[in-house]
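Here's a quick briefing for anyone opening this structure for the first time. Have a look at it, then read on for the main points.

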Amino acid sequence: MSVEIISVARRREFARARTVSIVLAILVVVLFALTLSYGSFQVSLPDIVRSLLGRQTPPQVDYIIQTLRLPRAIVGTLAGLSFGLSGMIFQQLVRNPLASPDVIGVTSGGSAAAVLAIVIFAASGTVISVVALTGAVTTALLIYLLAWRKGVGGYRFVLVGIGVGAAMGGLTSFLLTRADVRVASDALIWLSGSLNGRTWADVRPLAVASLILVPLTLMLGRALLGLQLGDDVAKGLGLPIERSRLALLLIGVCLAGTATAAAGPIAYVAFVSGPIAARLVGGGRPTLLQAGLFGAVLVLAADFIGSHLLGSTPFPVGVVTGIIGAPYLLWLLATSNRTGRGG
């Protein structure tokens, strides 16, 4: 009887997860279409479809869709997907909701490296992307080494990450104060996390990285579930613990780094996507696919709100996600402290 009850519960859990995935995927498609359609020049859905299929449309429609809006929508979708997956990997591995790459300093390291390249070397375009990714990976490695004490404890990893992130934030502020006003202005726009002016040059490296990293992430979902059960249980299941943990951390860092390189450090997307997806699905299982889809929904929705619904002056997407994520962080800290999980 108990086996049958567990089987029924699991079927319900999988059905709910499938339903949530479908709903989130539909929302991604709707928001993607809104990004292509809505703006100072409205484009109808039939014209969007014709332009995407390469059929004959007015020249201005092709220019608006293919050159201005489609790269922006693709970068927003892939960056949100990558941030959502990365945040879920970190939070599940460390078993701490604070352990997302934007909270523990991974994206801060990428940002500091990018600002250094902009301010000191006047870098732009692909160079900034490469430098930001390198900075994120280097910062993550530094955090891992500093947090290592015969293993990586959850709160030690978070506290070390917050400290390293603060140091990177201080370096970024120092560089901005020493920079020319115009250069600092360009760097601040990038630091806010913005999809403005995204081009196909931003899309290509992010798309290639996503094609490699997203399937790898979903394939390693079973290892993530085993590690979440604890090292002893994972050993009993035959998992190579440290190798699996390092592989997942590397993938998580690369996901966050490539998304940061393409769109800037969009605040709190990685932080909120996993916990909210878990609440939507229920059951306590790692919800990698749902976390990634929710991240894409959040970025596209925040970009649409910031561009069209907050007055005549457009706001970068990172400002809107920051407004959403900061109260959630305060609520999480308050509730964790009340329930004795604050460390």
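Predicted model: local features only at pLDDT ≥ 70, side-chain atom pairs only at ≥ 80, totals over all residues.

## Helix 4 and beyond

- Helix 4 is largely enclosed by the rest of the structure, because 12 of its 16 residues are buried.
- Among those buried residues are Val 106, Gly 109, Gly 110, Val 115 and Val 119.
- Ser 129 sits in helix 5, which covers residues 126-147.
- Ser 129 counts as buried because its relative accessibility is 15%, and the cut-off for buried is under 20%.
- Ser 129 and Gly 110 are 19 residues apart in sequence, while their C-alpha atoms are 9.1 Å apart in space.

**Helix 11**

- Helix 11 has 23 residues and runs 33 Å from its first C-alpha to its last, close to the 33 Å expected at 1.5 Å a residue.
- Helix 11 is mostly covered, with 17 of its 23 residues buried.
- Thr 258 is part of helix 11, and it counts as buried at 13% relative accessibility.
- Which residues does Thr 258 touch, not counting those up to four places away in sequence? They are Leu 133, Leu 206, Ala 209 and Leu 213.
- Just after helix 11, Gly 264 has a positive phi of about 85°.

**Positive phi in the loops**

- Most residues other than glycine have a negative phi, so here are two to look out for.
- Arg 95 isn't a glycine, but its phi is positive, near 55°. You'll find Arg 95 in the loop between helix 3 and helix 4 (106-121).
- Tyr 268 isn't a glycine either, and its phi is positive at about 70°. Tyr 268 belongs to the loop between helix 11 (241-263) and helix 12 (269-281).

**The nonpolar cores**

- The largest nonpolar core has 81 residues, and the ones touching the most other members are Leu 93, Val 106, Phe 157 and Phe 271.
- Which helix gives the most to this core? That's helix 3 (residues 59-94), with 17 residues.
- There's also a second, separate core of 15 residues, with Val 115, Val 119, Ala 132 and Trp 190 among them.
- Setting aside neighbours within four places in sequence, Phe 271 is in contact with residues including Gln 91, Pro 97, Leu 98, Val 103, Tyr 328 and Leu 332.

**Salt bridges**

- How many salt bridges turn up in a search of the whole structure? There are three.
- One of them joins the side chains of Arg 50 and Asp 47, at 2.5 Å from N to O. These two are about one helical turn apart, because they are three residues apart in helix 2.
- Arg 50 is partly exposed at 34% relative accessibility, whereas Asp 47 is buried at 18%.
- Arg 72 pairs up with Asp 303, and their closest N and O atoms are 2.8 Å apart. That pair links distant parts of the chain: Arg 72 is in helix 3 and Asp 303 in helix 13, 231 residues apart.
- Both partners are buried, with relative accessibility of 17% for Arg 72 and 4% for Asp 303.
- Asp 180 and Arg 182 also meet through their side chains, at 3.4 Å from N to O. Asp 180 is partly exposed at 40%, and Arg 182 is exposed at 65%.

- Thr 57 is in the loop between helix 2 (45-52) and helix 3, and it counts as buried at 11% relative accessibility.
- Leaving out neighbours within four places in sequence, Thr 57 is in contact with Asp 47, Arg 50, Ser 51 and Asp 62.
- Thr 57 and Asp 47 are 10 residues apart in sequence and 6.7 Å apart from C-alpha to C-alpha.

- Ile 305, Leu 309, Leu 310, Phe 315, Val 319 and Ile 323 make a nonpolar surface patch of about 500 Å².
- Leu 310 lies in the loop between helix 13 (288-308) and helix 14 (317-338), and it is partly exposed, with a relative accessible area of 41%.

Terms used:
Residues numbered from 1 in each chain as written. Heavy atoms only, no water. Patch = residues over 30% accessible without salt bridge, like charges linked within 9 Å, V, L, I, M, F, W, Y side chains within 5 Å. Areas by Shrake-Rupley, 256 points an atom, 1.4 Å probe, with all protein chains shown as cover. Salt bridge = Lys/Arg side-chain N within 4 Å of Asp/Glu carboxyl O. Helix = DSSP H or I, 4+ residues; strand = E, 2+ residues; numbered from the N terminus. Buried < 20%, exposed > 50% of the residue type's maximum accessible area, 1.4 Å probe, protein only. Core = buried A, V, L, I, M, F, W, Y, C linked by side-chain atoms within 4.5 Å. Contact = heavy atoms within 4.5 Å. Expected span 1.5 Å × (residues − 1).
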